[in-house]
There are 2 protein chains.
Amino acid sequence: MSKTPRAPGGRMNILFIMYDQLRHDYLSCAGHPHLHTPNFDRVAAMGVRFTNAYVQSTICGSSRMSFYTGRYVSSHGAQWNGFPLRVGEQTLGDHLRREGMGCWLIGKTHMRADVDGMERLGLSRDSVIGARQAECGFDVWIRDDGLWGEGPDGFYDENRSPYNEYLKSKGYPSDNPWSDFANAGVDENGDIASGWMFANADKPANIREEDSETPWLTRQAIAFIEQADEPWCAHVSFIKPHWPYIVPAPYHALYGDNHVPGASRHPAEREDPHPVFGAYMGNRVAQAFQQDEVRRKVIPAYMGLIKQCDDQLGVLLDFLERTGRIQDTMIVLTSDHGDYLGDHWLGEKDLFHDASVKIPLIIYDPRPSADATRGKTCDALAESIDLAATFVEAAGGKVPDHIIEGRSLVPWLNGETPQWRDFVISEYDYSPTPHCAELGLQPRDARLFMVFDGRYKLMHAEGGFRPMLFDLEADPQEFHDLAKGDGHEAETERLYGYLAQWGRRLAQRVTRSEDDIKAMRGRSARKGILPFLVDGTEVPDELTEKYRGPAPRRYPGDDA
Amino acid sequence: MSKTPRAPGGRMNILFIMYDQLRHDYLSCAGHPHLHTPNFDRVAAMGVRFTNAYVQSTICGSSRMSFYTGRYVSSHGAQWNGFPLRVGEQTLGDHLRREGMGCWLIGKTHMRADVDGMERLGLSRDSVIGARQAECGFDVWIRDDGLWGEGPDGFYDENRSPYNEYLKSKGYPSDNPWSDFANAGVDENGDIASGWMFANADKPANIREEDSETPWLTRQAIAFIEQADEPWCAHVSFIKPHWPYIVPAPYHALYGDNHVPGASRHPAEREDPHPVFGAYMGNRVAQAFQQDEVRRKVIPAYMGLIKQCDDQLGVLLDFLERTGRIQDTMIVLTSDHGDYLGDHWLGEKDLFHDASVKIPLIIYDPRPSADATRGKTCDALAESIDLAATFVEAAGGKVPDHIIEGRSLVPWLNGETPQWRDFVISEYDYSPTPHCAELGLQPRDARLFMVFDGRYKLMHAEGGFRPMLFDLEADPQEFHDLAKGDGHEAETERLYGYLAQWGRRLAQRVTRSEDDIKAMRGRSARKGILPFLVDGTEVPDELTEKYRGPAPRRYPGDDA
């Protein structure tokens, strides 16, 4: 692999851009019929678009912890939003700094610090080590998780909001301008029309477009890059197009009824559904999205939010071109999961249909080694954990595969066809949701696993339920759950075999690399551990030297 | 459960005694025909002897890390000797101190500190926190792992040896009196007859009996207890009867040929053996133990070492009775694994025949709640990880079952019959051994799993091998590997199902308890996260209060 020394420190940078809740198919390069995203397409034309990329969990926090650790959810253990990432779990920051690359956060992580664990180890946020532990391994340029909701029990997010501080500095007169301006319109009576209510999704957000979240964070990214003077990985992590679904003018008015695709759903899905699927179809967000008027209001706003993301991506790309950084910066565009938007009678994410678990993934590698693949797509089964491995390799390191479970995508970028995985895994832990109690489960059993081999997709649910099974070749829309009937036992068994194989994976042997282990062999014999000798003649003399010779003189009191 | 407040601090203490490599059946209470162990039997008569107790791994270090963390080997990740226990992994010390109980080490742990992890988190051994991290959570009264072997590359153990310091202080004239006196005899020429050579196992160790390792550590345990003034858990961890197989007079001469049972082995085992079993049958220690003259020398020494352990246990029990501690101290006797001693054509431990994986486990609980079970046996499937849970409960705490995977044995001690596990798991990672390369495996595939349901025992080997299967009802000696032929597919599949279920277990969600999770439900809605409303009428007004009311006055520059 050639290493083109064009970065500020003589090496490549990594611009790791994440959108939140961006569906894999809401980009023109992915075939969306109405949403034109020329800047996403521009990166796709410069790099490789992965058409079978999956997240390790369909919930923000857990999915992100997998991106940042390169490890499956059951390996890092932060299985839902607000479940702290255990202290000491290694992240991108640990791996990249070891290669001399900075690792910076600009935006959202949804990471909860393991406060108890830090206290147990005596770590304080005031120290560099403690601050990184508390921020998922990143050095923080700016952190804003973009969910400044407030209710009778106070704010959801107890951190400070740099974005709210920004709006206040610009004169927005509110204690929580994120809520009152950026994520609300004004109704006909002059009252707040909150973006939380789908009924308001067609209104423009009551904010100057340039002050809304996506342009604001884009400027933060540019400001970071302008001052950076070492090779860097910058995680630019937008909150959008995640809900609240409301967008400032002119984006609120770009799309209308005629741009809203029909919901991808089928009456067969509601006939004797899997109990977990059934529970999710009955929840409030699903019921809302089952109404056509909700889809007709929300989806144009969702598209407007994406269009704004695309325009801002253009701003960022222009900046990179202007400054030459485009030549020494790897660019990654992805998302933490999708959005059902009424497909499969569901809203939000959570389950494993492609609308939810499949993500956009576009990688531009500036090195000549990747010239052969520019503008191509790759249908290999990619997992979100692969990015951590990809970044370590891009930073010039050897992937610590005793810690990072993902695999570097660099060979694909170089046009190679490496030996690859047979299946992808995703997980969802719904223990904190009402569905857990509703289904009569204890928190430890409210867990789902997806196994997908490129054609068949199995969902296993703990708690004694039957699985779900889809054949995406015969049924690409995933309407017909084959596990309801007979005739697919062999496929089910095969995918369960993959799940079992994955369950036995090597996930926690993180203190010894494969190379370390090979080097250990025979070492104890050379340090005098010889539990296998009849008389010592079995091994070279040097191993037993310390155990031969005249017995030392008798000890005091020895009367033998 | 009644709590009898008789301990120094008003609570119970725990005396957690571990022997090393003590076979489950080398005790008179377990039916050994020649080895009389009245003091083990005395504790068995006071408490409960568990007749189906298994270790989580058949190698010292990994097995011990499971005892100390209450977690399976694949959960804590310290999969072989010298594989550091990752920093931050919680141990008995963390759990018991939370309940106000000290947690002390007197003897061996075979723990390797995660030096890299500690450095990454800025932890130093000089601090209390760092010292505990480096010692597996224990406060150290005395640590001595009892393996002071020395070869051309120096000492196996880089720590200081308090035992060697003791011997030197008593006038033993050697740089390594552990090697030259405690674990060596003198041959007819006056030369060292090292205990490493099986040929010397019938000689007396060249040391005063009172200065040998077992009496020395027993005195350390007594000294600890004499000064303890808070409720304590003391892990008194003997190196014996672990090799080197040599014992001082008079124990070297107590047993002879007539006390050595025939090897439990069968020609069928050598016919087309499982490749991993085959590899182990061919190694040096196995070949040595296949010689009857080796067994005839080694086994009497092994029995002598156990007899000495029993006598010293008597010393300790007498001390506890004399001081009244017997009334407020739970006593646990166990081992980290067994010893093949030539059974199944093998030496050492490593594989999963009962000789290796089954352990003695005797628990005396002084509380009246346990009166009904004194002197009884319990055949429930116990795992070594159960002790951590048992100790937390004995200390008055609630078992943190999101961290500790074992289950408290206290109900069994109280004569109850709790809902219990269907199978036990043990693991063995042989990646650092020559067998890994010999079988053409990469280190990550050199792993074995045992599943035992009380009757059938399955061994699964990664790397594409067939399994092994034994029916311990029809074949209690485990001679006939049923997986060689047909006819047992249903049992194999059932046990593989257990293994798969275990593979999906909840092992790393350690930062959130089940109770925490239940308490989380609905919390985000009360903190203003409302991603499911059409118009807000779906929820109580208080949840949307912050999102209603007159829109704030226009912001500077707003010309709408």
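Predicted model: local features only at pLDDT ≥ 70, side-chain atom pairs only at ≥ 80, totals over all residues.
**Exercise 1.** State how many aromatic pairs the structure holds over all chains, then classify the pair formed by A:Tyr72 and A:Trp502.

*Solution.* Over all chains there are 54 aromatic pairs. For A:Tyr72 and A:Trp502, the ring centres are 5.4 Å apart and the planes stand at 85°. Planes over 60 degrees apart count as edge-to-face, so this pair is edge-to-face. Finally, A:Trp502 has a relative accessible area of 4% and is buried.

**Exercise 2.** Classify the pair of A:Trp196 and B:Tyr547, and work out what the pair joins.

*Solution.* The ring centres of A:Trp196 and B:Tyr547 lie 5.8 Å apart, with the planes at 50°, so the pair is tilted. A:Trp196 belongs to the loop between β9 (192-194) and β10 (204-205) of chain A, while B:Tyr547 belongs to the segment after α19 (541-544) of chain B; the pair therefore joins two chains. With 3% relative accessibility A:Trp196 counts as buried, and B:Tyr547 counts as buried at 2%.

**Exercise 3.** Find which residue lies over the face of B:Trp345 and which lies over the face of B:Trp502.

*Solution.* Over B:Trp345 lies B:Arg270, at 4.0 Å from the ring centre. Over B:Trp502 lies B:Arg505, at 3.9 Å from the ring centre.

Definitions and conventions
Residues numbered from 1 in each chain as written. Chains lettered and ligands numbered in written order. Heavy atoms only, no water. Phe/Tyr/Trp six-rings, centres within 6.5 Å; stacked < 30°, edge-to-face > 60°. Buried < 20%, exposed > 50% of the residue type's maximum accessible area, 1.4 Å probe, protein only. Helix = DSSP H or I, 4+ residues; strand = E, 2+ residues; numbered from the N terminus. Lys NZ or Arg CZ within 6 Å of the ring centre and 35° of its normal.
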